[in-house]
Amino acid sequence: MAVKVVIPTPLRQFTAKQESVDLEAKTVGEALNSLTSRYADLRKHLYSEDGRLRSFVNVYVNDEDIRFLQKEKTALTQGDTISIVPSIAGGAGR
Amino acid sequence: MLKLGHSLIEKIHAHGERDYPNECCGALLGREEGADRIVTGLMPFANQRGDSPKNRFSIAPLDVQMAEDEAKKKGCNLIGWYHSHPDAPARPSEFDREHAWPWYSYVIFQVEKGEAREMRSWRLNEDRTRYAEEGIEYIASA
Ligand SMILES: [Zn+2]
């Protein structure tokens with residue numbers, strides 16, 4: 001399936017400044033894999049060392065949070081838009 | 001350099017003092033000019049960490065999206081975030097680093113016993129191992 005991945009501003013330095021990347025994928029996991037193999041420096045910002053999506057990385061398929069779908073196994077259809085949207089977190093100490 | 005006008009600093013300070021002893025947080029809107037960033041506006045947010053507001057803050061993705069949209073509407077960028085450290089120094093904690101995004105400016109300021117103190121700005125390096133300090137230049141207004 002031809003799909004589009006929308007890249008948030010802080011990660012565009014790793015995608016040659018592109019706001020979105022077009023690629024072929026059958027699932028969200030495949031799309032993110034394809035994205036991070038094309039732009040390897042993205043990987044450590046999206047995934048933690050154990051290979052899971054970081055807690056502050058939110059992924060939507062056409063505005064639906066994949067946590068409420070089938071997560072990375074969520075199937076894609078032609079023309080879907082996958083958006084990576086940051087949440088911001090922090091705090092003093094530890 | 002992160003260039004910040006006095007009136008914006010006062011607004012950030014006031015937000016931190018109002019929310020003390022909890023952490024406050026908000027977005028920095030502005031533009032890039034060569035290697036500099038000029039802050040032209042703020043968007044204060046409510047801290048979503050009701051479970052631990054004194055030493056944690058979070059901003060939901062919908063709010064981040066809203067800040068992006070607001071920046072676009074104003075013809076500028078969402079260039080970073082500010083948050084307070086109540087009774088703790090104005091440098092990023094380990095927790096801050098683990099949760100940081102690259103590229104954004106992270107302005108952190110200490111609020112000591114309810115009074116805003118030192119303010120510093122930081123950027124995560126590309127391999128996520130540490131923050132580099134970004135100088136703050138105080139300007140009359142943006
Ligand atoms: Zn912090």
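## Close-up views of a predicted two-chain model

**View 1. The strands E7 and E8 of chain B are joined by four bridges.** Strand E7(B) and strand E8 (residues 131-134) of chain B run antiparallel and are joined by four bridges, where strands (E, at least two residues) and helices (H or I, at least four residues) are DSSP runs numbered from the N terminus, and two strands pair if DSSP finds at least two bridges between them. This is a predicted model, in which local features need pLDDT of at least 70 and side-chain atom pairs count only at pLDDT 80 or more, while totals for chains, interfaces and linings use all residues. Residues are numbered from 1 along each chain as its sequence is written, chains are lettered from A and ligands numbered from 1 in the order in which they are written, and side-chain values use heavy atoms, with hydrogens and water left out. B:Ser121 stands opposite B:Glu134 in E8(B). The two strands form a hairpin with six residues between them, and in its turn B:Arg128 has a positive phi of about 70°.

**View 2. A second hairpin of chain B is formed by E6 and E7.** Strand E6 (residues 105-112) and strand E7 (residues 115-124) of chain B run antiparallel and are joined by six bridges, with B:Glu112 opposite B:Glu115 in E7(B). Two residues lie between these strands, and B:Lys113 in this hairpin takes a positive phi near 50°.

**View 3. The eight-stranded sheet of chain B is open and has mixed pairing.** Its strands follow the order E8-E7-E6-E5-E2-E3-E1-E9, and the edge strands, each pairing on one side only, are E8 and strand E9 (136-139) of chain B. From one strand to the next the twist averages 35°, with axes taken as lines fitted to C-alpha atoms, for helices over the stretch in contact, and angles running from 0 to 180 degrees between N-to-C directions. Strand E1 (residues 2-5) and strand E3 (residues 36-45) of chain B run parallel and are joined by two bridges; the bridge partner of B:Leu2 in E3(B) is B:Arg37. Strands of a sheet pair through backbone hydrogen bonds, either parallel or antiparallel. Helix H2(B) lies across strand E2 (25-33), E3 and strand E5 (77-86) of chain B, running at about 130° to E5(B).

**View 4. A cis peptide bond joins B:Tyr20 and B:Pro21.** The omega of this bond is about 5°, and B:Pro21 has its place in the loop between helix H1 (6-19) and E2 of chain B.

**View 5. Chain A has an open sheet of five strands with mixed pairing.** The strand order is E2-E1-E5-E3-E4, and strand E2 (20-24) and strand E4 (64-65) of chain A are the edge strands, each of which pairs on one side only. E3(A) and E4(A) pair in the antiparallel sense over two bridges, and A:Val61 stands opposite A:Glu64 in E4(A). Helix H1 (residues 28-38) of chain A lies across strand E1 (2-6), E2, E3 and E5 of chain A and runs at about 115° to E2(A). In the loop between E1 and E2 of chain A lies A:Ala16, which has a positive phi of about 50° although it is not a glycine.

**View 6. The interface of chain A and chain B brings 24 residues of chain A into contact with 30 residues of chain B.** Contact means heavy atoms within 4.5 Å. The two chains bury about 2,500 Å² between them, 61% of it on carbon and sulfur atoms, buried area being the accessible area (1.4 Å probe) that two parts lose on being put together, summed over both. By class, the side of chain A that touches chain B has 12 nonpolar, nine polar and three charged residues, where Ala, Val, Leu, Ile, Met, Phe, Trp, Tyr, Cys and Pro count as nonpolar, Asp, Glu, Lys and Arg as charged, and the others, Gly among them, as polar.

**View 7. Strand E6 of chain A and strand E4 of chain B are joined across the two chains by three bridges.** E6(A) and strand E4 (residues 57-59) of chain B run antiparallel, and A:Ala89 stands opposite B:Ser58 in E4(B). Helix H2 (residues 61-73) of chain B lies across E3 and E5 of chain A, running at about 95° to E5(A).
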